[in-house]
Amino acid sequence: MIAYNKTWLANLLLQNEVKQDLQNGCITDAEFKAIAAKYPVGFYTPNLFVRVGLFILTCVIISFSNGLLTLLLASTDLIETPAWFLVLGIFSYAALEFMVNSNHHYRSGVDDALLFISACLFATGFAILFYHNKAGMYYLPLTGMIFLLNLYFTIRFADVLMATVSCIALLAFVFFGWTRIIPGGLTTVPFIMMLASAGLYWLSFSYNKKVPFIHYQNCLIIAQVISLATLYAAGNYYIIQTLSDELNGGRASSSIPFGTVFWVWTIGLPLVYVGFGVKRKDTILLRTGLLLIAAAVVTFRAYYHILPVDIMLVIAGAVILGIAYGVMKYLKTPKHGFTYAETNDPNLMDHLKIESLLVAETFSTAPSAPADIGVKFGGGDFGGGGSSSNF
Amino acid sequence: MTDPLYNTLHAEGLLSDDSYEKVKQRKQNPLFSVHWELKTLLYLGVLLLTTGLGILVYENIDTIGHQFVLLFIALVCAGSFAYCFKNKLPFHAEKVKSPNTAFDYILLLGCISFITFVGYLQFEYQVFGLNYGLATLIPMLVLFFSAYYFDHLGILNMAIANLAIWMGVSVTPKQLLLHSDFNSETILYTYLLLGILLLIGAYATQHFGFKKHFKFSYQHYGVHVTFISLLAGYFHYYDSIISAVFMLGVFLLAYLVYQDSLKNKSFYFLLLVVIYAYIAISSLVVRMMIQVGDIGSFYLLSMYFIGSAIGLIFLLINLNKKLKAA
């Protein structure tokens with residue numbers, strides 16, 4: 001089971017919970033200090049910048065160590081077999097266990113890097129291994145193996161990235177299994193994928209609240225996001241049509257069976273997500289739904305060119321601004337437990353002022369601007385992610 | 001998780017009755033904040049609207065005419081700025097909160113439409129003639145003014161990017177525009193100067209206590225631009241003795257930023273110093289090893305990277321402790 005010290009993990013959760021109360025002004029500083037002293041956390045967890053630095057450095061160390069080892073053994077046959085990657089993977093894994101068990105690294109960058117590298121090495125090893133046995137079944141055992149491997153890593157280290165990969169590998173395994181083994185599986189595979197992702201969502205959603213899984217909350221959240229996305233993708237009209245074209249041997253078909261069903265799915269499901277997200281106050285459903293609305297619009301536009309793209313953009317921009325303005329007006333005083341005020345958790349993003357960098361990235365254009373090297377120099381370091389920074 | 005937890009804490013005497021009641025109340029009516037979603041929507045809305053208008057104008061320039069387009073853009077710009085002047089809070093040298101969430105985005109819309117307006121004028125009527133420096137200087141000044149006057153960090157970042165463009169344009173306008181030929185030495189020194197200017201700006205911001213929260217942006221761009229131009233200079237003059245000067249520059253800057261980040265407890269700049277200094281030192285070591293140039297030196301090089309990276313890990317961990325203790 002989980003590699004980290006369980007008492008400390010529990011204490012960490014407790015401290016985070018109480019810290020929120022501190023920031024909301026519910027408890028005093030002295031009380032927080034007393035609680036932190038009573039429930040200590042012994043992990044080595046530096047801040048994000050140190051974590052990034054340690055991650056990079058660990059990657060440097062491991063890659064040069066692996067290179068050196070390979071060079072030393074260059075004359076033997078061992079390094080030409082896929083087993084060599086597995087051996088290197090075992091080394092990294094051993095280092096990881098050591099760092100976690102005796103040096104108590106927890107999300108320090110060192111353990112992240114070692115976990116990442118050993119997973120990559122194992123995956124490469126398996127990929128080469130299965131590639132060598134050319135029985136026409138390549139993806140099926142590979143995805144299965146990667147799923148098991150990453151599931152183990154997820155259980156052992158509760159890592160979000162590993163959870164992501166293992167979810168995707170599992171769904172890919174189901175997909176390849178169904179299409180390769182069942183005759184004519186391609187026609188029924190959308191429904192199987194819907195079932196599989198709905199099952200995955202249900203599992204991760206219901207286990208997220210249970211106490212024994214409390215350390216896996218982030219992993220289960222990621223599992224929810226992925227399963228919601230694949231549940232949508234499994235019924236998306238564009239994806240279905242691409243698949244059925246492949247079934248017909250590359251000929252583009254004009255219509256697909258159950259076309260109406262898939263159109264309803266494509267347009268309706270994001271709205272269902274948003275609706276349930278608002279009703280149950282579930283951030284995951286709400287945000288995934290909002291993102292998928294964009295996907296639905298893009299899909300629709302791929303088939304029906306009702307309006308030219310510029311008018312579409314203007315209308316979309318105006319509608320979005322209008323909706324945002326309306327919601328803000330409506331929530332001027334909090335209603336039904338909703339507010340548009342910021343929550344009090346000072347988010348790490350605020351320190352980096354990501355939003356301002358993002359604005360500079362996307363909007364910085366100037367008349368007759370030939371050399372915007374300055375933008376390239378500084379802007380691209382923290383792409384992605386938004387923030388709630390108040391300017 | 002929640003209620004039994006606080007009951008225990010209360011029973012253990014770690015929470016006073018007063019705090020316990022407060023926590024209980026907060027847990028009873030939790031507020032669900034859609035702040036983040038709304039901000040994203042606003043950002044997306046402005047982005048889509050401006051892009052759409054841009055394409056619309058571009059497509060229909062033949063039918064609607066330039067004057068109309070210019071008028072429209074000017075109206076959007078004037079409207080946004082009028083709103084901002086009307087609703088802004090009084091100017092102060094410290095941080096001023098924006099009066100409402102929409103304010104920032106309306107200001108952003110105003111600034112972007114102003115840039116578009118100037119660019120359009122220049123492109124269509126050559127108002128500034130071949131004087132490209134002036135054409136980029138005016139938007140830059142307006143951006144800097146708006147950033148300070150309305151206290152908007154995003155606009156400041158745009159202004160800094162415009163400063164870079166203005167400097168790039170005014171140094172070598174003809175070569176760049178006519179031949180699109182980058183005279184690398186001129187570019188190098190220009191951006192070195194830009195980086196140093198930004199760093200001075202960061203220092204001055206803090207020293208005079210004028211809009212202190214703008215320091216991060218100046219320093220962020222300044223540190224990256226200066227380090228990269230110094231390193232670029234080192235590689236540009238690789239075989240000449242001048243490269244030593246650039247190398248010394250890297251270490252001097254590293255020392256200065258190091259001192260500053262210790263003073264301000266900034267892990268981010270500390271990490272940048274470590275990474276850039278490491279690149280500099282490693283390039284020196286690699287240079288040495290290449291001169292030896294046999295298989296033995298490759299082994300040595302690998303060992304160097306392993307050893308130095310382990311050393312740096314301990315360095316980072318210790319610096320982290322030092323900053324926390326300071």
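## Rings, a patch and a buried alanine

Author: Lys210(A) lies over the face of Tyr207(A), 4.7 Å from the ring centre. A charge counts as sitting over a ring if NZ of Lys or CZ of Arg is within 6 Å of the ring centre and within 35 degrees of the ring normal. In chain B, the charged end of Arg287(B) sits over the ring of Tyr238(B), 4.0 Å from its centre.

Reader: What should I know before reading on?

Author: This is a predicted model, where local features need pLDDT of at least 70, side-chain atom pairs count only at pLDDT 80 or more, and totals for chains, interfaces and linings use all residues. Residues are numbered from 1 along each chain as its sequence is written, chains are lettered from A and ligands numbered from 1 in the order in which they are written, and side-chain values use heavy atoms, leaving out hydrogens and water.

Reader: How is a pair of aromatic rings described?

Author: By the distance of the centres and the angle of the planes. Rings of Phe, Tyr and Trp (its six-membered ring) pair if their centres lie within 6.5 Å; planes under 30 degrees apart are stacked, over 60 edge-to-face, and the rest tilted. That rule gives 38 aromatic pairs over all chains. Take Tyr93(A) and Tyr152(A): their ring centres are 6.2 Å apart and their planes stand at 55°, so the pair is tilted.

Reader: Where do Tyr93(A) and Tyr152(A) lie?

Author: Tyr93(A) is in helix α4 (residues 83-102) and Tyr152(A) in helix α6 (residues 139-157) of chain A. They are 59 residues apart, so the pair links distant parts of the chain. Helices (H or I, at least four residues) and strands (E, at least two) are DSSP runs, numbered from the N terminus. Both tyrosines belong to one aromatic cluster, which also includes Trp8(A) and Phe157(A).

Reader: What kind of pair do Tyr148(B) and Phe214(B) form?

Author: An edge-to-face pair, because the centres are 5.0 Å apart and the planes are at 70°. Tyr148(B) lies in helix α7 and Phe214(B) in the loop between α10 (184-207) and α11 (215-236) of chain B, so the pair ties together parts 66 residues apart in sequence. Phe214(B) is buried at 0%, and Tyr148(B) is buried at 17%.

Reader: Which residues does Ala147(B) touch?

Author: A contact means heavy atoms within 4.5 Å. Not counting residues up to four places away in sequence, Ala147(B) touches His152(B), Ile155(B), Leu156(B) and Phe214(B). Ala147(B) lies in helix α7 (residues 132-150) of chain B. Its relative accessibility is 0%, so Ala147(B) is buried. The C-alpha atoms of Ala147(B) and Phe214(B) are separated by 9.5 Å.

Reader: Which residues form the nonpolar patch on the surface?

Author: Ile267(A), Leu271(A), Leu290(A), Ile293(A), Val297(A), Phe300(A), Tyr304(A) and Ile306(A). Patch residues have over 30% relative accessible area and no salt bridge; like charges are joined within 9 Å, nonpolar side chains (Val, Leu, Ile, Met, Phe, Trp, Tyr) within 5 Å. A salt bridge is a side-chain nitrogen of Lys or Arg within 4 Å of a carboxyl oxygen of Asp or Glu.

Reader: Which element gives the most to the nonpolar patch?

Author: α12(A), with four residues. Ile306(A) sits in the loop between α12 and α13 (309-330) of chain A. Ile306(A) is exposed, because its relative accessible area is 61%.

Terms used
Buried means under 20% relative accessible area, exposed over 50%, partly exposed in between (1.4 Å probe, protein chains only). Accessible areas come from the Shrake-Rupley method with a 1.4 Å probe; for residues, only the protein chains shown count as cover.
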